[in-house]
Amino acid sequence: MPAFKFRWTLLSRLGHPAAVEPEAVALLAGIPQKLVRQAKAAVKAIPEQMLAGWDIRVFPAKGENPEITDADLPDLLQRAANADGAHIIGFHQTGGQGRVAVALRTHFRFRWGSNEMLWSVAGSLDQFREHVESILMEEARWREHVMPADKSSPLILPKKVFEPLAGHADIWEECEMFNREVEHFEQLSKKIKHFAKEHTKPYQANQPSYMVDRDRLVWKDKGPYYAKAPFPRQWKYSLHVGEAFHYDVEHQQGREFTLTDTSGTANSIKPTKHINIDCHGFKSH
C-alpha cells in the first residue's frame, strides 16, 4: 500500500504567509489496516496554522494490530532515507518494542506513539489528531535544537566507543528521548555545545582542531573519506553523513593504543598509526 502524504503551508502566528522552511517528513509506522483510513482523515484534519512544514505519511502494518515487524524494518528504513531523513513515529503492540527501537533510533529520529490514542481514532478523530499534533510540535523542537546540522556535531561521534569526559556521557541518550518537558531540547542544545567546547583540542600547529576523548584519542573528521558503510549506517539521527564518512582515530601523542569497536572487537593500533571508525562505532575500510 503506498504511503499517505499530506502537506502544510507554513503560516506565521498571525495566519499570514511566511518564508517557507525546509519540509520535514514524519512516518506514522505500524498503523493497523483497519485504522488507516481514519488515521489519514485525522492527519488531514490538523489545522494548517498548528504545524507547518511537515509532510506526514502513513506506513501501514501488515495486519490488524499496531505492529512493526522484522520484515517491515528494511522497507521502513529505506523510506526514511528516501525522505531525506524522516522522523519515524512507531505504533506497536506489547512485545518487541525494544528490538524495533534499537533498529531505528540511531539512524533516524524515532519515537513511540500511544497505542491508546491510535485506537481512539476508530470512534473519533479528535484524540488521535491532537496526539499527532503534540508529537510533531515536540519533533519540531528536536529539529530546531538537537538534530545534527552536519558531521561536526558531537552527536555524530559513536556512543560507547568515543570516551567522553566525566559529566558528558548522556548527550546521545538525551537526544533519543521524547515526551519531555518543553525546555528539554533547548537545554540539551546547550549541553551539546558545551560538550564540543570541552572536547575540541588543538592538535598540531596550523592544523584543524578535533574532538579528543578522555583516552587522548583524536577523532579526525575532516577526511578524505573513502570507507564504505553499508546501509543504513551512513545515516545518524536523520542526518546523511555519506557512505564514505569515517573518523581517523589516532593517539594524541602518537602512542600505541587499543580501541574496542561496536562489534566488540579489540583493535590494536601501532604507534603513529590510526584506525578508521564510522559514526556508529564500527571499524571501516
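Residues are numbered from 1 along each chain as its sequence is written. Because the model is predicted, local features need a pLDDT of at least 70 and side-chain atom pairs count only at pLDDT 80 or more, while totals for chains, interfaces and linings use all residues; side-chain values use heavy atoms, with hydrogens and water left out.

The average pLDDT of the chain (the predictor's confidence in each residue, from 0 to 100) is 90, and 91% of the residues score at least 70. Over residues 1-20 the pLDDT is below 50, and this stretch has 47 contacts in the model (heavy atoms within 4.5 Å) beyond near neighbours in sequence.

Helices (H or I, at least four residues) and strands (E, at least two) are DSSP runs, numbered from the N terminus. Strands E7 (residues 210-212) and E8 (residues 217-220) pair in the antiparallel sense over 2 bridges; two strands pair if DSSP finds at least two bridges between them. Val212 stands opposite Val218 in E8. The two strands E7 and E8 form a hairpin with 4 residues between them, and Arg216 in the turn has a positive phi of about 65 degrees. E8 is also joined by 4 bridges to strand E11 (residues 247-251), and these two run antiparallel. Here Lys220 has Asp248 in E11 as its bridge partner.

Lys201 belongs to strand E6 (residues 200-201). Its relative accessibility is 33%, so Lys201 counts as partly exposed (buried is under 20% relative accessible area, exposed over 50%, partly exposed in between, with a 1.4 Å probe and protein chains only). Neighbours within four places in sequence aside, Lys201 is in contact with Ser209, Tyr210, Val212 and Gln252.

On a 1 Å grid over the protein atoms alone, a cavity is a set of points where a 1.4 Å probe fits but cannot get out, and a pocket is an open set with protein on both sides within 12 Å along at least five of seven lines; lining residues have an atom within 4 Å of a point. Grid points are joined across faces, edges and corners, and a volume is the space filled by probe spheres set on the points. The whole structure has 1 cavity of 30 Å³ or more. The largest cavity holds about 40 Å³ of space, and its lining includes Lys151, Met211, Asp221 and Tyr247.

The second largest pocket has a volume of about 580 Å³. Of its 25 lining residues, Val102, Arg105, Thr106, Lys159 and Glu176 lie nearest its centre.
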